[in-house]
Amino acid sequence: MVVVKYTMATYNKIMCNKDRFSIATMCENWRSIAGEYDLSVELDHCCQAENMDGDKGRETKEEITAITSKEGFRAVVLHGPFNELFPAAIDPKARELAMKRFNEAAQTAISFGIKTMVVHSGYIPFVYFKEWHRDRSIEFWKEFMEDKPADFSIAIENVLDDDPYTLAEIAEKASDDRIGLCLDVGHANVVSELSINEWIDVFAPHLKHLHIHNNDGSGDYHRDLDCGTLDIAKIIDRVNLKTSNKATFTIEVLEGLRSVEWLDEKQYCSI
């Protein structure tokens, strides 16, 4: 009898299959990639809130209907709107606007059977004290989730956040398993001086989703997974270890094919 011994890294790769990977529709050739490699998609159609209004709103729903019904793609994540939307807003009218727009996006997701919505944290350095941002965000997201289905979740994404601790506190103190975190590794690489390992370890108890792309630390370029200073292979291994292979990933790059081929080569995304 032959006994095969696996290292932890190899084990994680075996356990990490394509059902946990999506391609973002911001990618210019996402259709051909998702079609050829049978990947699910993360919809970016509602990132700009105006795409939910009037004629644009009808066009957006028609396009999502075409993607999910006529074309047969699996949309598993919807990226919520983010421009000028701040959950911790000091101005109550600004807070109302954020709640309204996020609710509109959530209703779009729910109407198409999408169970996860990514939302930006809305943190702005030098505008919000971290304690304020933490406490107001907890209030906001708890209120937001009050009327949402039990199987609907949000994943709060780091953008200008320079450390993982405030977001981890928000997820922890919200005391709702449906409120989790989305780690955007590219954002962390640009904004934070902390290691990506520290981000993963702190986020891990509440980490639902990741946006994976690469850069050299000087800007949010959304380059291919092997084009930058981040070691995406080690990131995926560590996420799998820390989350017991439960977190999902969206390939959020501008082109895409090279990144999917790289994942396949590394055996992270068995095609």
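Let's start with a cysteine: Cys227 is partly exposed, at 23% relative accessible area, where partly exposed covers the range between buried (under 20%) and exposed (over 50%), using a 1.4 Å probe and protein chains only. This is a predicted model, in which local features need pLDDT of at least 70 and side-chain atom pairs count only at pLDDT 80 or more, while totals for chains, interfaces and linings use all residues. Residues are numbered from 1 along each chain as its sequence is written, and side-chain values use heavy atoms, leaving out hydrogens and water.

Back to Cys227. The closest cysteine sulfur belongs to Cys27, 13 Å away, which is too far for a bond. Cys27 itself is buried, with 1% relative accessibility. A disulfide here is a pair of cysteine sulfur atoms within 2.5 Å, and the count by that rule is zero.

Now for the inside. The largest nonpolar core has 67 residues; such a core is a set of buried Ala, Val, Leu, Ile, Met, Phe, Trp, Tyr and Cys residues joined through side-chain atoms within 4.5 Å. Trp141, Phe144, Ile154, Ile156, Val185 and Leu210 have the most contacts inside it. Helix H4, residues 92–111, gives the most to this core, with six residues. Helices (H or I, at least four residues) and strands (E, at least two) are DSSP runs, numbered from the N terminus.

Take Val185 and look at what surrounds it. Setting aside residues up to four places away in sequence, Val185 touches Ile196, Leu210, His211, Ile212, His213, Leu230, Ile232 and Ile235, with contact meaning heavy atoms within 4.5 Å. Ile196 is also one of the buried residues of helix H8 (196–203), along with Trp199, Ile200, Val202 and Phe203. Together, the buried residues of H8 pack against helices H6 (165–174), H7 (185–191) and H9 (232–243), plus strands S6 (179–184) and S7 (207–212).

Over in helix H5 you'll find Met145, buried at 0% relative accessible area. Beyond its neighbours within four places in sequence, Met145 is in contact with Phe152, Ser153, Ile154, Asp176, Arg178 and Ile179. Asn103 is 42 residues from Met145 in sequence, yet their C-alpha atoms are 9.4 Å apart.

Finally, head for the surface. Phe129 sits in the loop between strand S4 (116–120) and helix H5 (130–145), and counts as exposed at 68% relative accessibility. With Ile90 and Trp132, Phe129 forms a nonpolar surface patch with about 360 Å² of accessible area together, as given by the Shrake-Rupley method with a 1.4 Å probe, where only the protein chains shown count as cover for residues. Patches take residues with over 30% relative accessible area and no salt bridge, joining like charges within 9 Å and nonpolar side chains (Val, Leu, Ile, Met, Phe, Trp, Tyr) within 5 Å; a salt bridge is a side-chain nitrogen of Lys or Arg within 4 Å of a carboxyl oxygen of Asp or Glu.
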